[in-house]
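Welcome, and take a moment to look around before reading on. The notes below walk through the main features by topic.

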Amino acid sequence: MELQFLGTGAGVPAKHRNVSSIALKLLDERNAVWLFDCGEGTQLQILKSTIRPRKIEKIFITHLHGDHIFGLPGLLSSRSFQGGNEKLEIYGPVGIAEYVRTALKVSQTRLSYELKIIEVKEGIVFSDKQFTVSCKALDHGIASFGYRIVEADHEGELQVEKLTALNIPSGPLYGKLKRGESVELPDGRVINGKDFVGEKKLGRIVTILGDTRKTKNSVLLAENADILVHESTFNKEEEKMARAYYHSTSHHAAQVALEAQAEKLILTHISARYLTGDIIQLENEAKEIFPNTKIVKDMEIIEIPFKAE
Ligand SMILES: [Zn+2]
């Protein structure tokens with residue numbers, strides 16, 4: 001499981017920072033990629049990566065500002081040309097369906113795959129055996145959501161080689177052993193399943209927030225997250241501007257990560273007016289409050305490891 005930042009800029013495309021889009025790569029988990037926002041030029045960024053558009057299974061839109069959605073119709077259309085036949089689902093605020101359907105209709109674009117558009121409300125928006133995705137409203141002047149992706153815990157695997165090495169025959173008793181029960185073998189040996197089951201791994205939690213002022217819901221969404229992705233449009237001296245434009249400062253993002261007891265904070269949505277030195281400063285400001293902070297660049301990949309027991 002890893003995140004790849006396809007666009008880390010704020011507002012308008014810049015030379016080294018394209019507008020917002022993040023890929024959550026779930027290739028080992030489900031041979032799929034989930035996209036979060038799709039600013040203009042996202043399909044070009046995808047071309048520079050190893051992501052195949054047909055593998056994009058879901059697209060989650062945080063809010064309807066142009067720098068988060070203007071790449072959507074183009075990507076949907078190209079996915080058709082590139083042999084995408086698998087169904088695609090888009091989740092987003094009310095209005096996303098009208099926007100996408102209108103763009104496809106007036107351009108007479110016909111897709112080769114089924115497109116399902118789900119307009120979200122707060123709560124669980126998707127759930128299966130592997131993942132649950134929920135969302136809450138943020139504070140951005142326009143409907144903006146944060147998404148919390150929770151992976152189910154991985155049960156420990158039965159260590160079959162260890163069992164066969166001890167001449168323990170396979171069969172229904174393997175099921176009992178896997179559940180950690182004690183079993184008496186036909187030859188009288190009693191063995192305990194707990195000795196033959198690998199480590200259980202806690203599922204990972206990834207929180208990706210749309211643009212927002214600092215708000216309580218951000219903390220709730222990021223509770224104990226392995227990774228929190230937060231915007232950082234302004235520096236700590238620009239708090240008034242952040243408030244006026246419904247954005248956050250680097251300090252706000254760090255406070256959210258701290259209050260939520262997140263593991264790692266990733267800052268994105270970086271203004272093009274910041275030069276390299278300013279960006280280091282922005283990161284250091286956040287680190288004053290939450291040390292495990294990183295500002296990402298376009299195309300950067302961040303691994304999401306399992307929590308150490
Ligand atoms: Zn916005």
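Let us start with Asp-67, which lies in helix H3 (residues 66–69); helices (H or I, at least four residues) and strands (E, at least two) are DSSP runs, numbered from the N terminus. This is a predicted model, in which local features need pLDDT of at least 70 and side-chain atom pairs count only at pLDDT 80 or more, while totals for chains, interfaces and linings use all residues. Residues are numbered from 1 along each chain as its sequence is written, and side-chain values use heavy atoms, with hydrogens and water left out.

**Asp-67 and the annotation**
- UniProt, in an unreviewed entry, places the feature "active site" at Asp-67; UniProt positions are given in the numbering used here, feature names are shortened, and annotations may be inferred rather than shown by experiment.
- Asp-67 has a relative accessible area of 13% and is therefore buried (buried means under 20% relative accessible area, exposed over 50%, partly exposed in between, with a 1.4 Å probe and protein chains only).

**The zinc site**
- Four residues coordinate the zinc ion at 2.2 to 2.5 Å: His-63 through NE2, His-65 through ND1, His-140 through NE2 and Asp-211 through OD.
- Donors here are N, O and S atoms within 2.8 Å of the metal (3.2 Å for Na, K and Ca); water is not among the atoms, so sites may look incomplete.
- Along the sequence, the spacing of these donor residues reads H-x1-H-x74-H-x70-D.
- The angles among the four donor atoms run from 84 to 176°, and the site is irregular.
- For that label, four donors count as tetrahedral if all angles lie between 85 and 135 degrees; four count as square planar and six as octahedral if opposite donors are over 155 degrees apart and all others between 65 and 115; anything else is irregular.
- His-63 is buried, at a relative accessible area of 0%, whereas His-65 is partly exposed at 31%.

- S12 pairs with strand S9 (residues 145–151) in the antiparallel sense, over five bridges; two strands pair if DSSP finds at least two bridges between them.
- S12 and strand S13 (residues 227–231) run parallel, joined by three bridges, and Ile-208 has Val-229 in S13 as its bridge partner.

**Helix H4**
- Seven of the 10 residues of helix H4 (residues 72–81) are buried, so the helix is largely enclosed by the rest of the structure.
- Among those buried residues are Leu-72, Leu-75, Leu-76 and Arg-79.
- Just after H4, Gly-83 takes a positive phi of about 80°.

**Two loop residues with positive phi**
- Most residues other than glycine have a negative phi.
- Gln-108, a residue other than glycine, has a positive phi near 50°; Gln-108 sits in the loop between helix H5 (96–106) and strand S6 (115–119) and is exposed at 63% relative accessibility.
- Asn-167 has a positive phi near 55°, lies in the loop between helix H6 (160–165) and helix H7 (172–178), and counts as exposed at 63% relative accessibility.
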